[in-house]
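Please look over the sequence and the structure below, and then follow the text as it moves from one part of the chain to the next.

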Amino acid sequence: MMKNWRKKITSVLLTLVMTAVLLPTLFATPAYAAETWVDVNSASALQTAINNAPADVKTNIRLTANISGYHITIPYDKYIVLDLNGYSASCNKSGKALFTIYRCPNVTIMNSSPTTSTLSGYSSTALYLYN
């Protein structure tokens with residue numbers, strides 16, 4: 001009879017230890033958690049999102065409307081992913097570029113929508129790239 005109690009106590013103790021060890025993994029954030037996006041609907045909101053991005057940390061920015069502006073600058077220490085999201089961005093000032101980008105390898109411009117997106121300059125180029 002004493003052997004049965006020992007087995008039961010050992011079984012309960014092992015169950016509690018396993019639960020205590022594995023419980024934190026239940027609340028852990030998975031490595032494949034969804035990426036967050038900063039949504040912008042104007043050139044000034046886009047520049048603000050770029051300026052507020054932490055240095056050398058990937059920041060995802062998504063357009064939610066067509067934008068028009070000029071001289072949107074992405075500094076050398078920013079790691080930006082810009083999703084045009086089916087919208088267009090155009091330059092509204094003659095002789096200026098829409099974007100000025102420093103350290104180009106840290107900038108990605110993409111379109112996640114099946115709708116065509118465009119980047120266009122006024123009478124000049126849409127992008128100035130400095131590496």
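Is Arg-62 buried, partly exposed or exposed? Arg-62 is partly exposed, because its relative accessible area is 24%, where buried stands for under 20%, exposed for over 50% and partly exposed for what lies in between, computed with a 1.4 Å probe and with protein chains only. The model is a predicted one, in which local features need pLDDT of at least 70 and side-chain atom pairs count only at pLDDT 80 or more, while totals for chains, interfaces and linings use all residues. Residues are numbered from 1 along each chain as its sequence is written, and side-chain values use heavy atoms, with hydrogens and water left out.

Seen as a whole, the protein has 2 helices and 10 strands, where helices (H or I, at least four residues) and strands (E, at least two) are DSSP runs numbered from the N terminus. Read from the N terminus on, the elements follow the order α-β-α-β-β-β-β-β-β-β-β-β. Of the 131 residues in the protein, 27% are buried, and the protein exposes about 8,700 Å², of which carbon and sulfur atoms supply 60%; these accessible areas come from the Shrake-Rupley method with a 1.4 Å probe, and for residues only the protein chains shown count as cover. Where contact means heavy atoms within 4.5 Å, 64% of the contacts between residues at least 6 apart in sequence join residues at least 24 apart.

Helix α1 covers residues 2–27 and contains Ile-9, which is partly exposed with a relative accessible area of 48%. Together with Trp-5, Val-12, Leu-13 and Leu-16, Ile-9 forms a nonpolar patch on the surface, and the five residues have about 530 Å² of accessible area together. A patch is made of residues with over 30% relative accessible area and no salt bridge, with like charges joined within 9 Å and nonpolar side chains (Val, Leu, Ile, Met, Phe, Trp, Tyr) within 5 Å.

Strand β1 (residues 38–40) pairs with strand β2 (residues 58–63) in the parallel sense over 3 bridges. Between these two strands the chain passes through helix α2 (residues 43–52), and the resulting β-α-β crossover is right-handed, a term that applies if, with the strands pointing away from the viewer, the path from the first strand over the helix to the second runs clockwise. Asp-39 has Arg-62 in β2 as its bridge partner. Arg-62 also forms a salt bridge with Asp-39, the closest N and O atoms being 2.8 Å apart, and this pair links distant parts of the chain, with Arg-62 in strand β2 and Asp-39 in strand β1, 23 residues apart. Asp-39, at a relative accessible area of 45%, is partly exposed.

A salt bridge here is a side-chain nitrogen of Lys or Arg within 4 Å of a carboxyl oxygen of Asp or Glu, and by this rule the count comes to 2. Glu-35 forms a salt bridge with Lys-58, with the closest N and O atoms 2.7 Å apart. Glu-35 lies in the loop between α1 and β1 whereas Lys-58 lies in strand β2, so this pair ties together parts that are 23 residues apart in sequence. Glu-35 is partly exposed at 46%, and Lys-58 counts as partly exposed at 36% relative accessibility.

Lys-58 also has a bridge partner in β5, namely Tyr-79, and β2 is joined to strand β5 (residues 79–83) by 5 bridges, the two running parallel. Strand β5 is mostly covered, since 4 of its 5 residues are buried. With strand β8 (residues 107–110), β5 pairs in the parallel sense over 4 bridges, and Leu-82 has Ile-109 in β8 as its bridge partner.

In the loop between α2 and β2 lies Asp-56, which counts as partly exposed at 49% relative accessibility. Asp-56 touches Asp-77, Tyr-79, Arg-103 and Asn-106, not counting residues up to four places away in sequence. The C-alpha atoms of Asp-56 and Lys-78 are separated by 5.2 Å, although these residues are 22 apart along the chain.

A further set of 3 strands forms an open sheet in the order β3-β6-β9 with parallel pairing. β3 (67–69) and β9 (119–120) stand at its edges with a single partner strand each, so one side of each is left without a neighbour in the sheet. β3 is joined to strand β6 (residues 89–91) by 3 bridges, and Ile-67 stands opposite Ala-89 in β6.

Definitions and conventions:
Two strands pair if DSSP finds at least two bridges between them.
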